[in-house]
Amino acid sequence: MEPRRKPLIIPVFIPHLGCPHHCIFCNQQQISGVSGLPDKTEICAIVEKFLAFKKNRFPVEVSFFGGSFLGLAPDKILELLDAVMLFFDAGKINGIRFSTRPETVDEGRLRLLRPYPVSTVELGVQSMNNSALRRACRGHTSQDTVQAVSLLKRENCRIGLQMMTGLPGDDDVTCLETARRIIALKPDMVRIYPTLVLSGSPLAVLYAKGKYQPQSLEKCVALLKHLFLLFQENRITVIRMGLQASEGLDDPATVLAGPYHPALGHLVFSKIFLDRAVEHIKKNITSKNVPAPAAVTLIVHPQSLSRMQGQNKSNISILKQRFNIRQLDLKTDAALDRDAIVVA
């Protein structure tokens with residue numbers, strides 16, 4: 001069987017364009033480093049740059065990130081799509097994807113898209129709690145999301161929903177309820193973004209006044225673990241946890257507070273593997289009726305080795321201390337499932 005190839009997503013940023021609202025957490029220029037709508041020449045340059053490193057990746061999609069794509073004026077939407085169509089017609093890309101706000105999805109805008117190879121649409125849902133949406137100044141309701149998903153399901157495209165944790169007025173309970181309501185909508189994929197306090201955002205003002213307390217990294221990772229497993233249980237792919245690392249976000253003057261980590265997803269997966277290892281070792285001790293094994297070997301898939309080790313091999317230290325293990329070794333076996341752990 002031919003191994004599954006990794007897709008290539010070519011990002012074109014249109015920060016804060018098409019957005020009629022200034023969300024409390026938003027400073028798109030800080031996230032993307034750009035502030036204007038790219039013209040045809042700039043789009044072509046971006047696409048050509050990424051295609052030069054395509055190799056055997058498939059499919060290839062050009063993605064309009066940031067802002068709200070369907071919130072742009074119709075002529076601007078068509079201008080951007082036409083610029084990308086040059087590459088589709090030449091067989092160099094396989095589709096177009098974009099992110100947009102739920103209330104921008106309507107029959108008129110969808111009619112504009114139908115002549116184009118739109119393969120994926122992502123909605124910035126953020127929360128399904130209307131109180132949290134109001135406090136975040138989102139300008140849409142959870143019902144707008146339900147309606148948008150209903151309309152998109154009639155189109156021949158995949159649907160992605162983006163949610164946030166740690167919004168003002170949100171907590172673990174409401175976040176889990178948002179996840180359950182997202183699951184009920186049956187999207188193809190989900191992104192989860194923890195709320196960060198970005199300089200220049202309205203949330204930064206509240207934070208400076210002591211009126212907003214962001215999640216700690218530890219609590220964020222714990223919540224993301226539960227959310228990931230909930231989506232996994234319902235066969236919905238989580239394609240990202242946390243913002244893409246960048247020079248801007250790594251600058252302390254940009255992220256004033258909040259659970260930012262350049263490898264947040266890795267921290268979550270490491271916690272999941274730690275929990276599974278604890279469970280497996282407990283069962284192994286019980287079955288052998290020994291209080292503490294002198295040596296333990298854990299076997300995982302090669303691509304799961306770093307997740308089992310944890311950040312700076314922290315999982316190894318935790319397991320050794322928790323079970324009083326003198327020697328703990330890790331081995332790999334490509335025949336194992338990537339989520340599997342075997343205790344030897």
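Where is L70 found in this structure? L70 is found in the loop between β2 (60–65) and α3 (74–89), where helices (H or I, at least four residues) and strands (E, at least two) are DSSP runs numbered from the N terminus. This is a predicted model, in which local features need pLDDT of at least 70 and side-chain atom pairs count only at pLDDT 80 or more, while totals for chains, interfaces and linings use all residues. Residues are numbered from 1 along each chain as its sequence is written, and side-chain values use heavy atoms, with hydrogens and water left out.

**Confidence**

- The chain has a mean pLDDT of 91, and 93% of its residues reach 70 or more; pLDDT is the predictor's confidence in each residue, from 0 to 100.
- Residues 30–34 have a pLDDT below 50, and beyond near neighbours in sequence this stretch has twelve contacts in the model, a contact being heavy atoms within 4.5 Å.
- Where pLDDT is low, the predicted coordinates should not be read in detail.

**The surroundings of L70**

- L70 is buried, because its relative accessible area is 1%; buried means under 20% relative accessible area, exposed means over 50%, and partly exposed lies in between (1.4 Å probe, protein chains only).
- Not counting residues up to four places away in sequence, L70 touches I77, F98, T100, T104, V105, R109 and L113.
- A distance of 9.1 Å separates the C-alpha atoms of L70 and D106, which are 36 residues apart along the chain.

- Q215 lies in the loop between α8 (202–208) and α9 (217–233).
- With a relative accessible area of 15%, Q215 is buried.
- Leaving aside neighbours within four places in sequence, Q215 is in contact with T165, G166, D172, P194, C220, L223, G258 and P259.
- One of these residues, T165, also makes a polar contact with Q215, side chain to side chain, at 2.9 Å. A polar contact is a pair of N or O atoms within 3.5 Å; within protein, one must be able to donate a hydrogen and the other to accept it, and residues adjacent in sequence count only if both atoms are side-chain atoms.

**Aromatic pairs**

- The count comes to four aromatic pairs. Rings of Phe, Tyr and Trp (its six-membered ring) pair if their centres lie within 6.5 Å; planes under 30 degrees apart count as stacked, over 60 as edge-to-face and the rest as tilted.
- F64 and F69 form a stacked pair, with 5.0 Å from centre to centre and 25° between the planes.
- Both F64 and F69 are buried.
- The pair of F228 and F269 is edge-to-face, because the ring centres are 4.9 Å apart and the planes stand at 90°.
- This pair links distant parts of the chain, with F228 in helix α9 and F269 in helix α11 (residues 264–288), 41 residues apart.
- F228 counts as buried because its relative accessibility is 11%, and F269 counts as buried at 15%.
- Ring pairs link F64, F69 and F98 into a cluster.

**Charges over rings**

- R307 has its charged end over the ring of F269, 3.7 Å from the ring centre. A charge sits over a ring if NZ of Lys or CZ of Arg is within 6 Å of the ring centre and within 35 degrees of the ring normal.
- R276 lies over the face of F273, at 5.8 Å from the ring centre.

**Cysteines**

- The structure holds zero disulfides, a disulfide being a pair of cysteine sulfur atoms within 2.5 Å.
- C26 is in no disulfide, and the nearest cysteine sulfur, that of C23, is 5.9 Å away.
- C26 counts as buried because its relative accessibility is 11%.
- C157 is also buried, with a relative accessible area of 16%.

**Backbone features**

- The peptide bond from F58 to P59 is cis, with omega near -5°.
- P59 is found in the loop between α2 (40–51) and β2.
- K55 is found in the loop between α2 and β2, and has a positive phi of about 55° although K55 is not a glycine.
- K55 is exposed, because its relative accessible area is 75%.
- N312, in the loop between α12 (305–309) and α13 (314–323), has a phi near 55°, a positive value in a residue other than glycine.
- With a relative accessible area of 76%, N312 is exposed.
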